[in-house]
Amino acid sequence: MYLPSTTIPLLLTLAFLSYLSIFALKPALSAAEGRETSPRANVILIMTDDQGYGDLACHGNPIIQTPHLDRLHADSVRLTNFHVDPACAPTRAGLMTGRYAHRVGLWHVVMGRTLVHPDEVTVAELFRDAGYRTGIFGKWHLGGNFPFRPQDQGFDEVWTHGGGVVGHTPDYWMNDYFDDHYLHNGKWEQVEGYCTDVWINKAIAFLTDNPSNKPTFIYLPLNAPHSPFEVPERFESLYHDNPDVPDAAFYGMITAIDEAFGRLDQSLKDANLFDNTIVIFMTDNGTSRGILHPRGSPPVGFNAGMRGKKGSPYEGGHRVPGFIRWPAGNIQGGRDIDTLTTHLDLLPTLCEWCEVPIPENLKLDGTSLAPLFAETPPDFPDRTMIAELQQTATFPERWHKTAVMTDRWRLVNETELYDIRADPSQAHNVSTEYPEIVQQLTAAYEKFWTDCSENYDRTCELILGSEHENPTLLTAYHWNNESGEQRDMPWAHRHIVAGPLQHGYWRINVAQPGTYAFRLRRWPAESNLKINEHADHLEPPEIPWHPLEPAKLKATTALLQIGKTDAPIHEAPVSMDDQFAEITVTKVSAGSSTLRAWFTDDEDRSRGAYYVEVERIEK
């Protein structure tokens with residue numbers, strides 16, 4: 001086509017102006033608008049177990065070796081005022097739901113209070129329903145029976161150990177961190193290798209083997225460096241004979257995590273997934289072993305100047321690392337965010353970044369942090385958040401190991417007030433100097449308490465006879481007792497070996513009426529041990545946290561009771577060759593109840609059945 005000579009310069013001018021206008025408008029586009037045509041990001045949410053804020057070289061620890069996590073720290077936006085709960089299961093419940101753990105039915109780490117109510121919506125369910133592939137690799141600690149399992153709560157691919165720690169009663173008998181049996185989508189499979197390497201390798205395989213090319217959400221809750229303190233010798237040897245190291249195995253476990261993370265990070269680069277993968281690194285509570293206080297001696301270890309550690313309402317119990325890197329989302333480059341943030345905020349933040357809808361009726365306690373990551377962050381609303389530890393089988397108590405937090409203040413256990421900006425080590429209680437702040441934070445806590453306590457009677461029960469899980473295995477891990485004391489419960493393999501003459505009951509819900517078979521065991525089925533076998537040759541992998549008096553009992557009778565203490569008691573004899581005693585009960589009614597199971601001997605001594613397999617055999 002012929003164009004007049006005067007037209008060509010005009011068209012070139014218009015094209016140049018159009019080019020300039022695009023670049024002039026580009027800075028005004030929001031981050032969300034800029035990503036509308038890009039593939040949705042992958043997410044890898046990493047949470048280690050019992051590693052504290054000071055257990056990283058990048059946070060000033062002069063001894064520990066964490067070069068790969070230090071590099072992540074350098075390349076991330078860091079949440080430097082980031083908080084969780086002071087213990088593992090409550091943190092996990094809040095992280096998965098964006099709601100306070102007490103609100104969703106959980107406030108302990110054992111004794112039947114580690115279950116998130118099945119009505120709750122998890123971040124995995126939201127991402128799965130929005131088209132993501134979802135996988136968990138590591139520690140779940142929110143229930144091992146239907147409907148509390150990770151595969152019931154939104155995860156497509158599941159590799160976990162049982163219970164809250166390797167070696168808890170729901171875990172495979174005598175797992176020890178090396179070449180263990182793990183639950184793969186509900187079935188036990190043995191896997192060669194050290195636990196941390198297993199979880200990382202499984203996560204890498206899930207991320208990179210993606211023929212559907214769907215975006216992927218990975219939850220990577222590593223069980224290390226929680227006890228038992230087991231790690232390949234080459235890591236532990238890095239810290240031997242150093243008097244300034246609180247525990248060589250604990251530090252070695254963290255360095256093993258660091259090496260495995262480096263392998264995960266390299267896999268992202270190799271698969272061309274590095275830029276558009278949101279990587280989050282955090283821990284579930286303060287350090288358990290990174291700082292020790294030997295009697296009569298100065299502290300050993302490094303806690304970044306904080307008071308308290310795991311289980312404490314002081315800063316060292318719940319302030320943890322929070323690194324977030326996402327190059328494609330312009331979240332990188334070593335910037336600090338000092339605003340008060342918590343684990344409850346990650347669900348709404350990730351949903352906003354990944355365009356995952358949140359139901360309008362879902363009441364979250366967390367807030368999306370996305371505005372804080374803008375180049376020029378807007379004013380973020382002041383808010384008051386709670387970190388609290390209860391650990392009781394009964395109901396929570398007001399102000400039990402509680403921190404009420406704002407950007408500046410910490411009200412601890414109702415009576416201690418700290419200005420965290422001026423006094424980060426929480427050495428000076430200023431409650432008498434600022435009574436109006438105490439009053440303000442007390443009112444905020446009372447509002448939180450009233451709000452959350454409305455759900456305390458929404459009991460989480462173990463389901464029997466469901467079409468989704470039959471038979472169902474009950475273990476002493478979920479026992480309850482009237483005292484509510486954790487020390488009375490044999491919830492780990494080492495306690496099972498000791499064989500204490502302890503009792504408890506399970507809160508149950510019978511899904512369907514009918515005839516049920518109850519198989520009572522003193523040892524788990526995979527051990528192949530008999531009820532009256534004492535197994536003195538077994539040595540648990542660590543010293544008990546709560547020593548229980550070893551006891552030998554020659555069981556002669558197995559007993560079972562469904563319902564209150566005046567309900568009928570069913571019996572079966574026990575012989576020396578029995579691995580279990582089976583009791584069949586007809587006409588078991590549907591609905592909520594309690595279940596007790598125990599063994600007695602000829603001297604009227606008794607011991608609870610630590611394991612009971614329940615199967616509905618007839619309608």
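Q: Where does Arg149 lie?
A: In this predicted model, Arg149 is in the loop between β4 and β5.

Q: Why is Arg149 called buried?
A: The cut-off for buried is under 20% relative accessible area. Arg149 has 14% relative accessibility, so Arg149 counts as buried.

Q: Which residues is Arg149 in contact with, leaving aside its neighbours within four places in sequence?
A: Contact requires heavy atoms within 4.5 Å. Trp140, Gly143, Gly144, His468 and Glu469 are in contact with Arg149.

Q: Which residues lie nearest the centre of the largest pocket?
A: They are Gly144, Leu183, Trp188, Glu469 and Leu473, out of 42 residues that line the pocket. The volume of this pocket is about 950 Å³.

Q: Which strand gives the most to the lining of the largest pocket?
A: That is β20, with four residues. Strands β5 (157-160), β7, β20 (472-475) and β28 (611-618) each supply at least two residues of the lining.

Q: What makes β4 and β8 a pair of strands?
A: Pairing needs at least two bridges between the strands. Four bridges join β4 (residues 133-138) to β8 (residues 216-221), so these strands pair. The two run parallel, and Thr134 stands opposite Phe217 in β8.

Q: What is the order of the strands in the open sheet of ten strands?
A: The order is β7-β6-β5-β4-β8-β1-β9-β12-β2-β13, and the pairing is mixed.

Q: Why are β7 and β13 called edge strands?
A: Strands β7 (187-190) and β13 (335-337) each pair on one side only, so they are the edge strands. From one strand to the next, the twist averages 20°.

Q: Which strands does helix α3 touch?
A: Helix α3 (residues 67-75) packs on the sheet and touches β2 (77-79), β9 (277-283) and β12 (322-325). The direction of α3 makes about 70° with that of β12.

Q: Which strands does helix α8 lie across?
A: Helix α8 (residues 248-270) lies across β1 (42-48), β8, β9 and β12. Helix α8 runs at about 175° to β1.

Q: Is Asp49 buried or exposed?
A: Asp49, in the loop between β1 and α3, has 0% relative accessibility and therefore counts as buried. Among the residues Asp49 touches, beyond those up to four places away in sequence, are Cys88, Arg92, Leu222 and Asp284.

Q: What makes the link between the side chains of Asp49 and Lys139 a polar contact?
A: The limit for a pair of N or O atoms is 3.5 Å. The contact between these side chains is 2.6 Å, so it falls within that limit.

Terms used
Residues are numbered from 1 along each chain as its sequence is written. This is a predicted model: local features need pLDDT of at least 70, side-chain atom pairs count only at pLDDT 80 or more; totals for chains, interfaces and linings use all residues. Side-chain values use heavy atoms; hydrogens and water are left out. Axes are lines fitted to C-alpha atoms, for helices over the stretch in contact, and angles run from 0 to 180 degrees between N-to-C directions. Buried means under 20% relative accessible area, exposed over 50%, partly exposed in between (1.4 Å probe, protein chains only). A polar contact is a pair of N or O atoms within 3.5 Å; within protein, one must be able to donate a hydrogen and the other to accept it, and residues adjacent in sequence count only if both atoms are side-chain atoms. On a 1 Å grid over the protein atoms alone, a cavity is a set of points where a 1.4 Å probe fits but cannot get out, and a pocket is an open set with protein on both sides within 12 Å along at least five of seven lines; lining residues have an atom within 4 Å of a point. Grid points are joined across faces, edges and corners, and a volume is the space filled by probe spheres set on the points.
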